[in-house]
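Take a walk through this structure, one part at a time. Start with a single residue, then widen the view.

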Amino acid sequence: MESNQSKPGLLCNPEGSQRTLYPYVTGTSVVALKYKDGILMAADMGGSYGSTLRYKSVERMKPIGKHSLLGASGEISDFQELLHYLDELILYDNMWDDGNSLGPKEVHNYLTRVMYNRRNKFDPLWNSLVLGGVKKGQKYLGMVSMIGVNFEDNHVATGFGNHLARPILRDEWHENLTFEEGVKLLEKCMRVLLYRDRSAVNKLQISKITEEGVTISQPYSLKTFWGFSAFENPTLGAEGSW
Amino acid sequence: MTPISPHKPAHLCLLQSSLSYSHLAPSNPFLILAYDKIAVASHRLEPMRKGKRKKKPSPGSSQRERESQSHLLEQKENPNKNPHSFTERERHCDFCLERETKNDAVKMFRNQYDTDVTTWSPAGRLFQVEYAMEAVKQGSAAIGLRSKTHVVLACVNKANSELSSHQKKIFKVDDHIGVAIAGLTADGRVLSRYMRSEAINYNYTYESPLPVGRLVVQLADKAQVCTQRSWKRPYGVGLLVGGLDESGAHLYYNCPSGNYFEYQAFAIGSRSQAAKTYLERRFENFTGSTREDLIKDALIATRETLQGEKLRSSICTIAVVGVGEPFHILDQDTVQKLIDAFEIVQDEAPAAEPDAGAEPAAAAEEGEGSGAGADQAAVPEPDVAPMDI
């Protein structure tokens, strides 16, 4: 990735610019919450190419080091770039071999710096990131947006999840959810998103991170119900429509 | 600093030396010493056959005489030799450096391999690096000790004159790291600035404190660079770095050679051997020590290096860092109160110090016999006569 500062000509010429202007292959919402033993995170496996649901097996959640889990929505290629950066970060951290390791808070802050830095160069990584983890019993859940806004909370969501999932979480989340309760709550959120978000696909993964480590579930589908009476005869009140 | 009397037998110098040439010559110490001298002298006498040994002197001949001969020779052949060489203050002959205090006596000879740091000697040594480590030993003492949860740094602050202020030797690097230096304080100041900058940068990126172990490695790498560039010189300062990280409290020593070691307790600088001896006796208890005990031990160790001089808060500095306690230097009043409160008396160490510490407060001077093992001040016993000096 070359800096735009070294190519002033290109910067003035929009066609020649090499910065991110719009995203191409995107993932939709990620939802996450803190529960008793750690963090639970859910994301579907869709990669949309504009309005086409093009890719249906994209893993949008990855473990980082021993203590963290990263989920991303937005441009998939930028997410892969970030994973590359983080790989290097964790590698150097391990190379010290000194009993210290980067925890979720450190990784979150590192990502904030990276995202903000790119935003300042007008070449953002077009992602909204969710970073969760547990270290030494401390649970951590944070979010970073593509312009470098970051914060920590007990439950976070990206994209449409902010509008559809968070109200549910605000009502129903409480401290010390059990694993089953947490999964049920997440599935409720994901189901709403599946019904209402046009770029959602019905194939999702739920992952959890605890002191022991990371587990990402196998992909599965949610049950949906379309048997509403209004759907039986949709053109009842509107002759000629379909 | 008065020079050592020139009548000290030459072979005794060798026995205290850290060098060991015994593999090169047989048992006779005169021969061993002579090799050293001849190696240097022959350089002057036979410039074409560099380093070649002329012949071994017969054991009976006078060492001093030969030394003075080659000494004169050297003056004659090299009139431009810099009279203000490194060894000027402490030497008793042109060839060697001998430090004045009995405790730390070591002999280092000038030789043809010590001009720059990028020259190895045939024995595989970098003399400039070793000289830099000598500079550390010239500085006033610095002491560090650690327990599981706290690290205490102490140092002796000598002022140039009554008019001037004391040299600053303890620096806060971050809330959880501090460093005490001995040696060239200017180098120490520059390195402290580097450490502070590293700690801040790490904190900015990761919003979490820089682990001490990593800072120390970075420092050591920086020092190593200076031992491998012909246009640089090694830093002439030893650093005692104390700090906390997620694995507990740590104390490290960074030396100019680029090495670093972790310690339970350590002392550097002049007359540090006395402090080290004290710490060696006591270090096994340090892990479980309370904060107050640790400070007390630091003060006692500091007093050891003063060798009879009265311990006052105006000549020493104490700094503490611990779990829940950010790094800070204790102010003078607190230190003086601690010195008074501890009522430090002579413990069972043989009376190298003539007075029983001459501490204020309790007049409890115990005789050597009854004082065995007791650190605390006993109630003054009227029947026990005070120790006669």
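Is Cys226(B) buried or exposed? Cys226(B) is buried, with a relative accessible area of 5%. Here buried means under 20% relative accessible area, exposed means over 50%, and partly exposed lies in between, with a 1.4 Å probe and protein chains only. Cys189(A) counts as buried too, at 0% relative accessibility. Cys226(B) is in no disulfide. The nearest cysteine sulfur, that of Cys255(B), is 13 Å away. A disulfide is a pair of cysteine sulfur atoms within 2.5 Å. A search of the whole structure finds 0 disulfides over all chains.

A word on the ground rules. This is a predicted model, where local features need pLDDT of at least 70, side-chain atom pairs count only at pLDDT 80 or more, and totals for chains, interfaces and linings use all residues. Residues are numbered from 1 along each chain as its sequence is written, chains are lettered from A and ligands numbered from 1 in the order in which they are written, and side-chain values use heavy atoms, with hydrogens and water left out.

Now look at chain B as a whole. Chain B holds 9 helices and 12 strands. Helices (H or I, at least four residues) and strands (E, at least two) are DSSP runs, numbered from the N terminus. Of its 389 residues, 47% count as buried. Chain B exposes about 19,500 Å², and carbon and sulfur atoms supply 54% of that. Such areas come from the Shrake-Rupley method with a 1.4 Å probe; for residues, only the protein chains shown count as cover.

Next, find helix α8 of chain B, residues 291-306. Its 16 residues should span 22 Å at 1.5 Å a residue, and its end C-alpha atoms are 23 Å apart, which agrees. The expected span is 1.5 Å times one less than the number of residues. In α8(B), 13 of the 16 residues are buried, so the helix is largely enclosed by the rest of the structure. Asp297(B) sits in this helix. Asp297(B) is buried, at 3% relative accessible area. Beyond its neighbours within four places in sequence, Asp297(B) is in contact (heavy atoms within 4.5 Å) with Leu145(B), Tyr278(B), Arg282(B) and Phe286(B). Just after α8(B), Gln307(B) takes a positive phi of about 50°.

Positive phi turns up in chain A as well. Asp97(A) has a phi near 50°. Asp97(A) lies in the loop between α2 and α3, and is exposed at 69%. Lys136(A) has a positive phi of about 50°. Lys136(A) belongs to the loop between β8 and β9, and is exposed at 57%. Most residues other than glycine have a negative phi.

What lies inside? The largest nonpolar core has 40 residues, and those with the most contacts inside it are Leu70(A), Leu111(A) and Val241(B). Helix α2 of chain A gives the most to this core, with 6 residues. A second, separate core of 29 residues includes Ala267(B), Leu294(B), Ile300(B) and Ile339(B). A nonpolar core is a set of buried Ala, Val, Leu, Ile, Met, Phe, Trp, Tyr and Cys residues joined through side-chain atoms within 4.5 Å.

Finally, turn to where the chains meet. The contact takes 13 residues from chain B and 15 residues from chain A. Together the chains bury about 1,300 Å², 48% of it on carbon and sulfur atoms. Buried area is the accessible area (1.4 Å probe) that two parts lose on being put together, summed over both. Tyr206(B), Arg214(B) and Glu246(B) supply 52% of the area that chain B buries against chain A, more than any other three residues.
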